[in-house]
Amino acid sequence: MAVNETVLATRADLDRGEVRTGGRAHVVLPAFNEEKALPVLLERLAETALTERLTVWVVDDGSSDRSATVAGSGYGGLEVRVVRHDVNLGLGRAVQSGLRAALEESGTDDIIVVMDADDTHDPGLIRRLREEIVAGADVAICSRFVPGGDDRTAPPVRRLLSRGAARLFQHALAVEGVRDFTSGYRAYRASLLARASAHWGDRLIEEQGFACMVELLLKLRHCGPVIKEIPLVLCYDRKQGPSKLKLRRTLVQYLKLLVRDRLSPAPYRKL
C-alpha cells in the first residue's frame, strides 16, 4: 500500500519533540446498511466542521440499502468521500479501506479518527481527541470505562461482552494506558498509522469482525505509542436498526486473536 511520504517524514519531527497536529481530521465511518443513521450523523459532523477541519470517509461495505447515496448527498459544505465495497467484507476490511484512503491524502499534521456510523458516538469529542494528540498522545480512545464514561444505554448482553473483554485484555495483553480495548471511537496520529502500514501493508488489519479494533491496537503497540483515554458516554438509544454484533462469533474472534498474538513473533526491526 502506498503511503504519503510527508506523513512518514513526521517520524523525525516526533523524535525531535516537535509534535504538530493542527491539520485536518480524517473521519473514517465504516457503514453497512446505515441509510437512516448516516444523514443524522453527517449533519452533526457538519456542525463539528464549523470549528474543526474535517474530511469524512464513508466506507460503504456492500450495503443493500441507500447508504452510499445518502452519504454523498451533501451536508452543509462538509467534505464527504465515499469508498465502496461491492460486497459486504466485514468491519475489519471496511476500517482497513478507510484508513488506506485517509492515509493516501493525509498531511504532516493530520489525525485519523475512526467512529461508528450508527450515530451512537458524539462528533463533539473529536476536539477532545485532537487535544490529547496535541498534548503528546499517539492514540486517543473514547472510553466507556474511565471516570465520566457511561454505557448504560447499551443492551445488557453487549455491556457484558464489552466489560468482559476489557478485563480479559487488560490482564492478558501488555498495552499501557488502555481500559476500553473494544471501543470503536478513536483518533490516531497519521504518522503512527503510516509507520505501521509501511510494515504490515494489507495485513495491518486481518480480523473481519469487531475484534479488528483490538488487533489494530496490538499491532500499533510495537511502535511504542503513547495512548490516552477520554470519557465516552455511549448514546446507544440513538441507534436505528438492530445491532450487527454477533455475540458467539465475536467471542471466538477475541479468543483466536489472543492466541495468535501469543504465538506471533514481534516485528524483526523497530517500527
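Predicted model: local features only at pLDDT ≥ 70, side-chain atom pairs only at ≥ 80, totals over all residues.
Residues are numbered from 1 along each chain as its sequence is written, and local features were considered at pLDDT of at least 70, side-chain atom pairs at pLDDT 80 or more, and totals for chains, interfaces and linings over all residues. Side-chain values rest on heavy atoms, with hydrogens and water left out.

The secondary structure of the chain amounts to 10 helices and seven strands, taken as DSSP runs numbered from the N terminus (helices H or I, at least four residues; strands E, at least two). The radius of gyration, 17 Å, is close to the 18 Å that the globule rule gives for 271 residues, so the chain is as compact as a globular protein of that length; the radius is taken over C-alpha atoms, and the rule is 2.2 Å times the number of residues to the power 0.38. Of the contacts (heavy atoms within 4.5 Å) with a separation of 6 or more, 84% join residues 24 or more positions apart.

Buried residues, those under 20% relative accessible area with a 1.4 Å probe and protein chains only, make up 54% of the 271 residues. Helix H8, which spans residues 190–200, is mostly covered, with nine of its 11 residues buried; among them are Leu192, Leu193, Arg195 and Trp200. Glycine 201, with a positive phi near 60°, follows H8.

Notes:
Buried < 20%, exposed > 50% of the residue type's maximum accessible area, 1.4 Å probe, protein only.
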